[in-house]
Amino acid sequence: MEEIIKKIIYLAKLNFPPEELEDFIKECGKIVNYFQELKKLSKEEKEICKETELTTKCPLREDTVKLGDRDFLKDLPNFKRGYFRIKKIL
Amino acid sequence: MDILKLKISEIQNLIERKELSYLELIKEVFKRIEENKELNAFISLFPEKAIKKAEECDKEFNKLKEIPHLLFGIPVAIKDNIAYKGERLTCASKILKDFISPYSATAVERLEKKGAIIIGKTNLDEFAMGSSNEFSYFGVCLNPINKEYVPGGSSGGSASAVGGNMVPVALGSDTGGSVRQPAAFCGVCGLKPTYGRISRFGLVAFASSLDVIGILSKYIEDCAIVLQVISGYDERDSTSAQIAVPDYLPLKSNLKEVKVGISKDFFLKEMENSLIKLYEEFFKLLEKKGVKLYEISLPKIKYGIYAYHLIATCEASSNLARYDGIRYGLNIEAKDIDEFYIKVRSEGFGKEVKRRIILGTYGLSKGYYEEYYGIGIKMRKKIIEDFMKAFEKVDIILAPTSPTLPFKLGERTKDPIMMYLCDILTVPISLAGLPALSIPLKYKINNFPISLQIIGKPFGEKEILDFAYGIEQL
């Protein structure tokens with residue numbers, strides 16, 4: 001678990017001072033174990049693990065992509081000639 | 001008379017009778033905020049802007065000789081993860097501490113269009129991740145009922161501001177209970193609308209399939225006034241529902257007309273007996289008043305807390321990937337781009353946010369995706385089915401908002417799982433996208449009122465507001 005969490009910390013572009021890292025890994029381990037409860041529960045009721053179809057009226061509707069009439073570029077600071085200026089990074 | 005303890009309609013009556021001006025009202029708000037500085041409910045305040053607007057409202061009212069809208073000149077606070085053009089949008093995070101929003105959220109635009117005055121932005125758990133408002137870069141927020149206790153979270157600042165009589169209404173956001181739980185802890189009303197009822201445009205994303213903007217108020221009527229204004233379709237939010245908004249006002253008690261469901265599954269064995277007894281007493285009172293109560297079963301809600309934390313952390317890890325120091329974030333010296341990303345994110349995010357990013361990245365990573373996120377999604381479907389089946393039998397479901405009363409500062413910060421369990425009774429409703437309103441009941445333990453969660457069918461805000469109004473009149 002420790003190695004996996006260390007790898008994920010790197011993938012998530014994060015870093016911890018060494019004195020905090022050990023506690024953090026322990027805490028994450030506890031939470032992951034806690035999530036394992038879900039697997040135990042779902043095994044108790046096997047049908048949950050099968051793909052379920054929503055037969056009921058779900059309040060979540062299909063996502064539709066549509067660009068509005070609003071000119072979003074109007075809101076941008078420092079927008080000139082099709083470009084917007086940002087602060088120096090490096 | 002304390003004008004900030006009045007309903008919005010009562011404030012407007014005073015103004016109509018020229019016993020109060022909008023300027024006096026706004027000045028009273030800032031005076032009250034100053035007196036309650038210790039609560040740390042606000043991250044930003046806009047006194048100059050607000051006073052100027054109040055003066056304009058007074059002029060307009062004197063010209064029109066009538067109040068154009070109930071929200072005209074009314075002070076409103078907004079949670080600091082909701083955009084307000086030209087002002088800071090910090091999400092209570094170091095990574096956004098100096099970020100200025102280039103636009104306003106649709107909900108804020110709609111409030112301003114009716115003349116409401118945005119007076120400031122309230123404290124929260126960083127990126128709305130927390131249940132106690134102890135995870136804010138800008139410091140802990142306190143409970144106005146007892147300062148040794150947490151106000152709940154993540155909309156703790158909004159709840160503290162309304163509960164502390166600093167503003168009549170405030171906006172919050174609710175992903176797994178972040179409006180309802182702090183409302184319950186601070187003894188105010190907190191509405192989480194149906195997913196899609198209020199536009200999310202301008203609400204900083206935490207878990208996009210769960211996030212909604214909610215309302216905190218002292219009175220049900222005030223909540224309905226705000227909901228009427230900010231609800232409705234918005235083409236800028238692709239998940240906004242194209243469903244007509246009914247007239248929420250006037251409120252009319254429907255206590256004797258609706259079928260009410262109560263499920264034992266909401267009363268956990270870990271809950272204190274004294275608390276459960278008060279709910280039982282209240283349900284007996286409802287029956288005596290002619291309310292039809294039915295026992296219902298919601299067996300899958302026990303999976304809610306697991307499913308919620310899996311789904312929410314996975315969505316959060318994806319949503320928070322944008323904070324890389326280039327588009328948003330801190331300006332830090334680094335030797336290369338990789339070091340830059342790591343430095344910015346490590347210095348910019350607090351401990352709880354980092355923890356959720358790691359857990360979400362873990363849940364989405366190859367080899368674990370199906371095992372965690374996949375199961376979470378299936379559980380969510382089962383929970384939705386449970387609710388829909390129950391709603392074939394009843395119109396409204398009642399449940400406690402929180403399994404416990406407010407806890408003391410620092411009591412749960414060292415145990416993340418205990419903190420996550422604060423939301424055990426609110427997350428199933430969020431997963432199902434249903435509307436729910438938390439209201440304080442008249443029963444108290446250690447001066448903290450116990451709260452009731454009124455859960456409605458999708459887009460059933462009218463029914464739950466009318467029901468809550470009926471309870472308010474008891």
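The following exercises, with worked solutions, concern a predicted model.

Local features require pLDDT of at least 70 and side-chain atom pairs count only at pLDDT 80 or more, whereas totals for chains, interfaces and linings use all residues. Residues are numbered from 1 along each chain as its sequence is written, and chains are lettered from A in the order in which they are written.

**Exercise 1. Chain A**

Task: Describe the secondary structure of chain A and state what share of its residues is buried.

Solution. Step one: helices (H or I, at least four residues) and strands (E, at least two) are taken as DSSP runs, numbered from the N terminus. Step two: chain A contains two helices and two strands, in the sequence pattern α-α-β-β. Step three: a residue is buried if 20 or more other C-beta atoms lie within 10 Å of its own, exposed if 12 or fewer, and partly exposed in between, with C-beta atoms placed from the backbone. Under this criterion, 11% of the 90 residues of chain A count as buried.

**Exercise 2. The sheet of chain B**

Task: Give the strand order of the open sheet in chain B and identify the strands at the edges.

Solution. Step one: two strands pair if DSSP finds at least two bridges between them. Step two: 11 strands of chain B form an open sheet with mixed pairing, in the order 1-3-2-4-6-5-10-11-9-7-8. Step three: strand 1 (42-45) and strand 8 (292-296) of chain B each have a single partner strand, so one side of each lacks a neighbour in the sheet. From one strand to the next, the twist averages 30°; axes are lines fitted to C-alpha atoms, for helices over the stretch in contact, and angles run from 0 to 180 degrees between N-to-C directions.

**Exercise 3. Pairing around strands 10 and 11**

Task: Determine how strand 10 and strand 11 of chain B pair and how they are connected.

Solution. Step one: these two strands of chain B are antiparallel, with seven bridges; B:Ser438 has B:Gln453 in strand 11 as its bridge partner. Step two: they form a hairpin with two residues between them, and B:Asn446 in the turn has a positive phi of about 50°. Step three: strand 10 of chain B also pairs with strand 5 (residues 189-192) of chain B, in the antiparallel sense over three bridges, with B:Lys192 opposite B:Ala436. Step four: strand 11 of chain B pairs in the antiparallel sense with strand 9 (residues 396-400) of chain B over five bridges, and B:Ile396 has B:Gly456 as its bridge partner. Helix 15 (residues 461-472) of chain B packs on the sheet, touching strand 9, strand 10 (436-445) and strand 11 of chain B, and its direction makes about 145° with that of strand 11.

How values were computed:
Contact = placed C-beta atoms within 7 Å.
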